[in-house]
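Work through the exercises below with the sequence and the 3D view open. Try each task before you read its solution.

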Amino acid sequence: MQLVLTAHLKTRVTDFAVSLAHELALADRELADADWLAAQLATERLPGLSPSYQAGLETSSGGSLIVVETRLTMGGLLASLGALELVSTARAKTELE
Amino acid sequence: MVRDASGAVVSLRSLVSLGSLVTGRTSGGYWSAISSKFADQRGSATLEFLLFSSLSALLLSFAIDLSLLQGRQLAVDSILRHGLRAEVLALETNLESGSTPGEAAVAVGRSVGESFGLDGEALSIELECLPSCEGAADEPPQPIKLVLRVRYQEVESWHSAVFARF
């Protein structure tokens, strides 16, 4: 049960991280706008849960990348099934510098 | 004695016990017979262990398969969403520069797939444009329907978008 739940939530958290990274990259948004976008995406992709995230820019030879690291810590009923912390990192190419 | 639909003779006693089973009412004898059957400890412990462990293993493997399948479906949906969006945004530039259509969708799709931990070689991303991906300069602009298909192992999905060129 815990295994299935963890696998499911891990995919959801990754989806959230990927969406946030690509939304920021495609819209060429400043990272300051990320909070608003993250709140919207969290309501849509992880309803009832409060993921935290860190967004940053990574420069490589191929150009700039937006890196989003998302962290979801379980609480309440989910925590009683086993204290879990899920971390996912996503990268997306961007024109931001 | 009563005769049933098939013509067989059914005793009243068996009808009463059947009726009590359906209605949940007990006449005492039926349920005590069941409880005494389960209270009986005779039998092979090895057989019981093998039977229940194989049942548990089957259930566990079904649950793991289901969660893996669901995870892949979510990953494929994410690839479609972001790939198609990137393609629509890049299409105007592609039409002007004459670069290969589908390049943006494949690049973004592979990047998303990588984030989900999908094996890149097993991931197939194809773009189809209707009526055509190439827009000739002398032709009047017309809407293009983009269909993106993503396959990953047993999961296959597609999504479409209409790109209107003015």
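**Exercise 1. The largest pocket**

Task: Find the volume of the largest pocket, the residues nearest its centre and the classes of its lining residues.

Solution. 
- Step 1. Start with the volume: the largest pocket holds about 720 Å³. Keep in mind that this is a predicted model.
- Step 2. Look at the lining. It has 24 residues, and those nearest the centre are His22(A), Ala92(A), Lys93(A), Thr94(A) and Val108(B).
- Step 3. Sort by class. Eleven lining residues are nonpolar, eight are polar and five are charged.

**Exercise 2. The second largest pocket**

Task: State which element gives the most to the lining of the second largest pocket.

Solution. 
- Step 1. Take the volume, about 280 Å³.
- Step 2. Count the lining: 17 residues. Nearest the centre are Thr11(A), Leu68(B), Gly71(B), Arg72(B) and Phe116(B).
- Step 3. Find the elements with at least two lining residues. They are H1 of chain A and H3 of chain B.
- Step 4. Pick the main contributor. H3(B) gives the most, with six residues.
- Step 5. Check the classes: eight nonpolar, seven polar and two charged.

**Exercise 3. The cavity**

Task: Say how many cavities of 30 Å³ or more there are, and name the residues that line the largest cavity.

Solution. 
- Step 1. The count is one cavity of 30 Å³ or more.
- Step 2. The largest cavity has a volume of about 30 Å³.
- Step 3. From chain A, the lining takes Val4(A), Ala7(A), His8(A) and Thr11(A). From chain B, it takes Ser67(B), Gln70(B), Gly71(B) and Leu74(B).
- Step 4. By class, three are nonpolar, five are polar and none is charged.

**Exercise 4. Salt bridges**

Task: Which parts of chain A does the pair Glu58(A) and Arg91(A) tie together?

Solution. 
- Step 1. Side chains of opposite charge can pair when their charged atoms come close.
- Step 2. Take the total: eleven salt bridges over all chains.
- Step 3. Check the pair. The side chains of Glu58(A) and Arg91(A) form a salt bridge at 3.2 Å, N to O.
- Step 4. Glu58(A) lies in strand S1 (residues 52–60) and Arg91(A) in strand S3 of chain A, so the bridge ties together parts that are 33 residues apart in sequence.
- Step 5. Glu58(A) is partly exposed at 30%, and Arg91(A) is partly exposed at 36%.
- Step 6. Turn to another pair. Arg45(A) and Glu44(A) form a salt bridge at 3.0 Å, N to O. Arg45(A) has 10% relative accessibility, so it counts as buried. Glu44(A), at 52%, is exposed.
- Step 7. Glu69(A) and Arg71(A) meet in a salt bridge at 3.1 Å, N to O.
- Step 8. Finish with the network. Asp15(A), Glu44(A), Arg45(A) and Arg81(B) are joined into one network by salt bridges that share partners.

**Exercise 5. Chain B: fold, surface and backbone**

Task: Give the order of helices and strands in chain B, then locate a nonpolar surface patch and a cis peptide bond.

Solution. 
- Step 1. Chain B has four helices and five strands. Along the sequence the pattern is β-β-α-α-α-α-β-β-β.
- Step 2. Consider burial. Of the 166 residues of chain B, 27% count as buried. Ala86(B), in helix H3, has a relative accessible area of 5% and is therefore buried.
- Step 3. Find the patch. Leu51(B), Phe52(B), Leu55(B) and Leu58(B) make a nonpolar surface patch of about 420 Å². Leu55(B) sits in helix H3 (residues 45–97) and is partly exposed at 45%.
- Step 4. Find the cis bond. It joins Leu130(B) and Pro131(B), with omega about 0 degrees. Pro131(B) is in the loop between strand S3 (123–130) and strand S4 (144–152).
- Step 5. Check phi at Gln153(B). The value is positive, about 50 degrees, although Gln153(B) is not a glycine. Gln153(B) lies in the loop between S4 and strand S5 (155–163).

Terms used. Residues are numbered from 1 along each chain as its sequence is written. Chains are lettered from A and ligands numbered from 1 in the order in which they are written. This is a predicted model: local features need pLDDT of at least 70, side-chain atom pairs count only at pLDDT 80 or more; totals for chains, interfaces and linings use all residues. Side-chain values use heavy atoms; hydrogens and water are left out. Patches are made of residues with over 30% relative accessible area and no salt bridge: like charges are joined within 9 Å, nonpolar side chains (Val, Leu, Ile, Met, Phe, Trp, Tyr) within 5 Å. Accessible areas come from the Shrake-Rupley method with a 1.4 Å probe; for residues, only the protein chains shown count as cover. A salt bridge is a side-chain nitrogen of Lys or Arg within 4 Å of a carboxyl oxygen of Asp or Glu. Buried means under 20% relative accessible area, exposed over 50%, partly exposed in between (1.4 Å probe, protein chains only). On a 1 Å grid over the protein atoms alone, a cavity is a set of points where a 1.4 Å probe fits but cannot get out, and a pocket is an open set with protein on both sides within 12 Å along at least five of seven lines; lining residues have an atom within 4 Å of a point. Grid points are joined across faces, edges and corners, and a volume is the space filled by probe spheres set on the points. Ala, Val, Leu, Ile, Met, Phe, Trp, Tyr, Cys and Pro count as nonpolar, Asp, Glu, Lys and Arg as charged, and the others, Gly among them, as polar.
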